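Me: I have a structure open and want to talk it through. Can we start with the overall picture and then go into details?

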Amino acid sequence: MPGVIVYTTPGSCHLPSPLFWRTSSLNDCSCSPEPTALQQQQPSSPCTRLLRQRRRIVLPSADHVQSWLRRGLASRVPIERLIHRIGGNRFSCHASCAAAGEGPGVERAGVWGALLEPIDPRLPLDPHKSLINEDFSPALPEQRTFSVWDLASLWVGLVVGIPTYYMAGSLVEMGMSWWQGILTVLAGNLIVLVPMILSGHGGTKYGIPFPVLSRAAFGIRGANVPSLLRALVGCGWFGIQTWIGGQAIFQLLNALLQVKMDGAVIPFIGTSLPELGCFLLFWSMQVGIIWNGIESIRELEKYCAPVLIGLSASLLAWAYCRAGGFGPMLSAPSQFIVGGPKEGQFWAAFFPALTANVGFWATLSLNIPDFTRYAHSQADQLVGQALGLPLFMAAFTFVGLAVTSATVVIFGRAISDPIEVLSLVGSFVPTLLSLVGVILATITTNIAANVVAPANALVNINPAVFSFRKGGMITAILSILLAPWRLIQSSQGFIYTWLIGYSALLGPVGGIVITDYFLVRNRDLNISDLYSMSPDGQYWYSGGFNLNAMASLVLGVLPNVPGFLASAGLVEKVPQAFKLIYDNSWFVGFLLSSAVYWLLTSRGRTAAVSLP
């Protein structure tokens, strides 16, 4: 008979803050919670002993219990007081001591309760050596180093970069007014914040990276598919961003030294020695950070964030003072207004622009658990991301737009390239500061967005062979072998179309992983089975692959294929409906794959019981 389990804080268990209770359905009222691996390490704890005790209490009926519990939660009534007021049938009551780091914790009801539930890191029992190493082991509380500020700083480092600088300017070129461009950027990032927080939840709760989290949905072996999809996009962008960073160093050194560091292009390399040297210099800077591991990335993002904010504010102040204002672009009306050259076409431009803004961070919305696994709590990851992503994204796009507008007054023409603007500043100290700022901005974006995912994807293939350091070094070496300068010089449009289109494939992956974690499993994972190769394991499915997830991925991608082929110039003409679908590819893929996966798994689905 299903019952209700009530978690409470016994009076004899002294915790730093009061705990309240939650309810959850159980198939067997008589079962007691198993001690977690963390509890097993503390056998003498009085809270651990109380966690194993049972109490029988008198409650009326399941319906009345749910009503009383909801009322009690709303008023934060301690369970001892609530039990005193009701009586009836028999249910189970257990003690929970998660606030002291010992147990599954106390959950709150509702959406916010689910999003802010306590962390539950557990070491797997008897993990297979090919599925775990030090980098992939769940991060326990003592390993959690990311605070609200650390996660907000991570996003500041990601946002402040050359691509973001272009964002609002490109929207204005489409015909939007400056405020329409900023609001479009803000709306897109508020939307992508939702899957970002949802994806990060599992990483924070269980302390696991994205490849391990995706094993629940795709299977132990099938998880390599979404991991490698994300990794390939990351490798491509890492090479291109490194080349852009090297070019920034090259141009600013020319301005700083007031010499022309030109050289003949070496045919078999495809670039000149000075440009190649700047590329390798910038590459080496990043390799040094990768070699020191994830903690060095946290330190980099944390301490660079205020510097980047200060330099961005300085650039904005310089442009305002030199131009005597922000220039004509900020006073230009929208081209979509009545009587404008693009009257009535706003929504046709808005939705593709919105999709582009969502897709801008769609790749990182998948592997954000690689970072949130180190968050102290769910509140840290939620608030940190909410503060760092949409607000700073909107703010920095305004910087890009305002400075571009001011260049019309300062230089007589609109200059949307920030490197060119900085090289024209003139004096030694501002140019030197600009060089430092560009290096920091590109490194903080490139390493966090384009190294961590490929490195962890390689670790997931075989943790016994690969570590995060090895995976990061392989990613860095591949970026050289790709010769990104040739890719950009030969077919920049195709490469960017390919990379953006390829990253749109990841929308369905995000839909499947989030649906599986929140709707199918109700945030309840069997940690031991995530690291098990046993055919009897919960996530082994069919030979290690979840065919439902694979089918949902294919069906989520297919509608976007014709539009991508047309965008890449591989076909001449496709029906307008497919172009419309591709313009909204992330939304279509995410929602369609989620719905298909939910329908496929709903057949014969049973409640999953998680064991440590």
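**Chain overview**

Reply: Of the contacts in the chain with a separation of 6 or more, 82% are between residues 24 or more positions apart. Keep in mind that this is a predicted model.

Me: What does the secondary structure come to?

Reply: The chain has 28 helices and six strands.

Me: And how much of the chain counts as buried?

Reply: The figure is 56% of the 612 residues.

Me: Switching to charges. How many salt bridges does the structure hold?

Reply: Seven. One of them pairs Lys 205 with Glu 117, with the closest N and O atoms 3.3 Å apart.

Me: Where do those two sit, and what does the pair tie together?

Reply: Lys 205 is in helix H8, residues 178-206.

Me: Lys 205 and Glu 117: buried or exposed?

Reply: Lys 205 is buried, and Glu 117 is buried too. The cut-off behind that word is under 20% relative accessible area.

Me: Which other residue forms a salt bridge with Glu 117?

Reply: Arg 523 does, and here the closest N and O atoms are 2.9 Å apart. Arg 523 lies in the loop between helix H23 (506-520) and helix H24 (527-530), while Glu 117 is in the loop between H5 and H6, so this pair ties together parts 406 residues apart in sequence. Both Glu 117 and Arg 523 are buried.

Me: Give me a salt bridge with partly exposed residues. What is the N to O distance there?

Reply: Take Arg 413 and Glu 420, whose side chains meet at 2.7 Å, N to O. Arg 413 has a relative accessible area of 42%, so it counts as partly exposed. Glu 420 is partly exposed as well, at 25% relative accessibility.

Me: Which residues do shared partners join into one network?

Reply: Glu 117, Lys 205 and Arg 523.

Me: Helix packing next. How do H6 and H17 cross?

Reply: Helix H17 covers residues 378-411. The axes of H6 and H17 come within 7 Å and cross at roughly 30 degrees. Angles under 35 degrees count as roughly parallel, so H6 and H17 are roughly parallel to each other. The crossing is right-handed.

Me: Which residues in H6 meet H17?

Reply: Val 148, Leu 151, Ala 152, Trp 155, Val 156 and Val 159. In H17 their partners include Val 383, Leu 387, Phe 392, Met 393 and Phe 396. By class, the contact of H6 with H17 has 13 nonpolar, four polar and one charged residues.

Me: What about H8 against H17, at what angle do they pack?

Reply: About 155 degrees, with the axes of H8 and H17 9 Å apart. That makes H8 roughly antiparallel to H17, because angles over 145 degrees fall in that class. The crossing of H8 and H17 is right-handed.

Me: How do the residues of that contact divide by class?

Reply: For H8 with H17, 17 are nonpolar, eight polar and one charged.

Me: Last topic, H20. How many of its residues are buried?

Reply: Nine of the ten in helix H20 (residues 452-461), so by the under-20% cut-off this helix is mostly covered. The buried ones include Val 452, Pro 454, Leu 458 and Val 459. Asn 456 and Asn 460 are buried there too.

Terms used:
Residues numbered from 1 in each chain as written. Predicted model: local features only at pLDDT ≥ 70, side-chain atom pairs only at ≥ 80, totals over all residues. Heavy atoms only, no water. Salt bridge = Lys/Arg side-chain N within 4 Å of Asp/Glu carboxyl O. Helix = DSSP H or I, 4+ residues; strand = E, 2+ residues; numbered from the N terminus. Buried < 20%, exposed > 50% of the residue type's maximum accessible area, 1.4 Å probe, protein only. Axes fitted to C-alpha atoms, helices over the stretch in contact; angles between N-to-C directions. Parallel < 35°, antiparallel > 145°, perpendicular 65-115°, else oblique. Left-handed = near helix turned anticlockwise from the far one by under 90°. Contact = heavy atoms within 4.5 Å. Nonpolar A, V, L, I, M, F, W, Y, C, P; charged D, E, K, R; others polar.
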